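Trainee: Please pick one part of this model and walk me through it up close. I'd like to hear about aromatic ring contacts, and then what surrounds them in the rest of the model.

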Amino acid sequence: MDTGTWQVKVGLAQMLKGGVIMDVVTAEHAKIAEEAGACAVMALERVPADIRATGGVARMSDPTKIIEIMEAVTIPVMAKCRIGHIVEAQVLESLGVDYIDESEVLTPADEANHVWKHDFKVPFVCGCRDLGEALRRISEGAAMIRTKGEAGTGNIVEAVRHARSVMGEIRKIQNMSQDELAAEAKALGAPVDLVQEVKRQGRLPVVNFAAGGVATPSDGALMMQLGVDGVFVGSGIFKAADPERVAKAVVKAVTHFNSPEIIAEASKGLGDAMPGLDIRSLKEEELLAVRGW
Amino acid sequence: MNVPTIGVLALQGDFAEHLAVLRTLDIDTREVRLPAELEGLDGLIIPGGESMTMAKLMDSYALREPIRARVREGMAVWGTCAGLILLAKELEDNRPEPLGLMDMDVARNAFGRQVDSFETDLSVAVLGKQPFHAVFIRAPIIKQLRNGIQELASLPDGHVVAARQERMLATAFHPELTDDARFHEYFLSMVNS
């Protein structure tokens, strides 16, 4: 029996497809998310909107909190470590979390290097803004990719930009001849074998979710129609007026992403969505998506 | 004979992976998200995914009773991993509520957390001599088989991981994640029988 193989790392992400992964801060939140139909939860100390509001250094959560959440639900539990923080990743692996998000939402620990994720048995998910960044993370061992979007804003515009960029670059590669791929790999800053794999499969070689700014059922379905495999919702659930109803509605909209009448029904009377931010009003140092390379 | 139509429950999970294998078998396929999409199916696959999530979504669109009724009318059904859990009669921790179609007791997440997920070669007599490479992800096991349900495969420690009861099939692992289509062909032979 072989554990921690690439196949089982990528495989768990395949089981999450078509689903919604929700940020939760407490065991109580986690139960609400599971009850609403979340396929996994992301355990963290503060949701991104609060990280943004509080400022300071954002770190891995207290292990006590993560364990409480793991004990509260049977769906997979993910947790975040800082970019390049090898030891936070080791700690999360020792706790038995099901996936680690090496995340730009936390303050980076290393501004040059990401964690070498092949060294771990636990799988990792990482954010990207374009195909080159996605393939660099996969080459380091990420078994799942998500768009970065701009977390904690309730504004879908950056997630759309990142998903469009990844999908557009994949379509471009599909139309290239074999002898053009080496130069394309150089331009993308990505290993040529992964660029060849993208051409062969016509998609990223791992599961690809959307994240960063999903606030409504329609936002979730929009990302699915753009071609992602599933959706992360951060602040959008527990910063909404009625988290339970919003959570259920986003799950329905993601499952039935091609049925506007079902999305319309799910969207009725949800109360106020989380307050949103115009990305153009943010200062350069307030942008999270530019963290990592 | 007409080409059979096999549906894959597409509420959540790796339904696309099942559909990709089915498309190599020269049959008609369909994604199933709503009760009306069960009509005329010769077989239904309940894929891998999160059993809790699928159970909630099955109830939110009233799929539970129509699936049970179609299986009683003779539609073949196959559950992989989360699908096996949903087909069970009894679950060790009583949640989520399963469909209760196959006479077996099942324990969810029976091997531990994701770091304990594994792959291994299984001997499966109904597929022939060549072992079947099986991927187990936060997998369940069948604790007990009742009423003449047939064991198809077990691990060296004796845990049952595949079983058949009449036109119903259950595997704790994911034949849809490997390139070996023998389990899909076996299910197709059940559909056609």
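**A cluster of rings**

Mentor: Start in chain B, where ring pairs link B:Trp78, B:Phe111, B:Phe118, B:Phe132, B:Phe136, B:Phe173, B:Phe183, B:Tyr186 and B:Phe187 into a cluster. Rings of Phe, Tyr and Trp (its six-membered ring) pair when their centres lie within 6.5 Å; planes under 30 degrees apart are stacked, over 60 edge-to-face, and the rest tilted. Keep in mind that this is a predicted model: local features need pLDDT of at least 70, side-chain atom pairs count only at pLDDT 80 or more, while totals for chains, interfaces and linings use all residues, and side-chain values use heavy atoms, with hydrogens and water left out. Residues are numbered from 1 along each chain as its sequence is written, with chains lettered from A and ligands numbered from 1 in the order in which they are written.

By the ring rule, the count over all chains comes to 12 aromatic pairs. One of them is A:Phe209 with A:Phe232: ring centres 5.6 Å apart and planes at 65 degrees, so it is edge-to-face. A:Phe209 sits in strand S8 (residues 207-210) of chain A and A:Phe232 in strand S9 (residues 230-233) of chain A, so this pair ties together parts 23 residues apart in sequence. Helices (H or I, at least four residues) and strands (E, at least two) are DSSP runs, numbered from the N terminus. Both A:Phe209 and A:Phe232 are buried, which means under 20% relative accessible area; exposed is over 50% and partly exposed is in between (1.4 Å probe, protein chains only).

An α-helix has 3.6 residues a turn, so residues three or four places apart point the same way. B:Phe183 counts as buried because its relative accessibility is 0%, and B:Tyr186 counts as buried at 12%.

Elsewhere in chain B, B:Asp105 lies in strand S6 (residues 102-107). At 13% relative accessibility, B:Asp105 is buried. Its contacts (heavy atoms within 4.5 Å) are B:Glu90, B:Ile141, B:Ile142, B:Lys143, B:Gln144 and B:Arg146, leaving aside residues up to four places away in sequence. B:Glu92, in the loop between strand S5 (88-91) and S6 of chain B, is exposed at 54% relative accessibility. With the sequence neighbours up to four places away left out, B:Glu92 touches B:Val106, B:Ala107 and B:Lys143. So B:Lys143 is on the contact lists of B:Asp105 and B:Glu92.

Over in chain A, helix H2 (residues 27-36) has A:Ala27, A:Ala30, A:Ala33, A:Glu34 and A:Ala36 as its buried residues. Their cover includes strand S2 (20-24), strand S3 (40-43), helix H4 (63-72) and helix H12 (243-255) of chain A, plus helix H2 (51-60) of chain B. After H2(A) comes A:Gly37, with a positive phi near 105 degrees.

Zooming out, chain A holds 13 helices and 9 strands, and buried residues make up 59% of its 293 residues. Its C-alpha trace spans about 55 × 45 × 45 Å along the principal axes.
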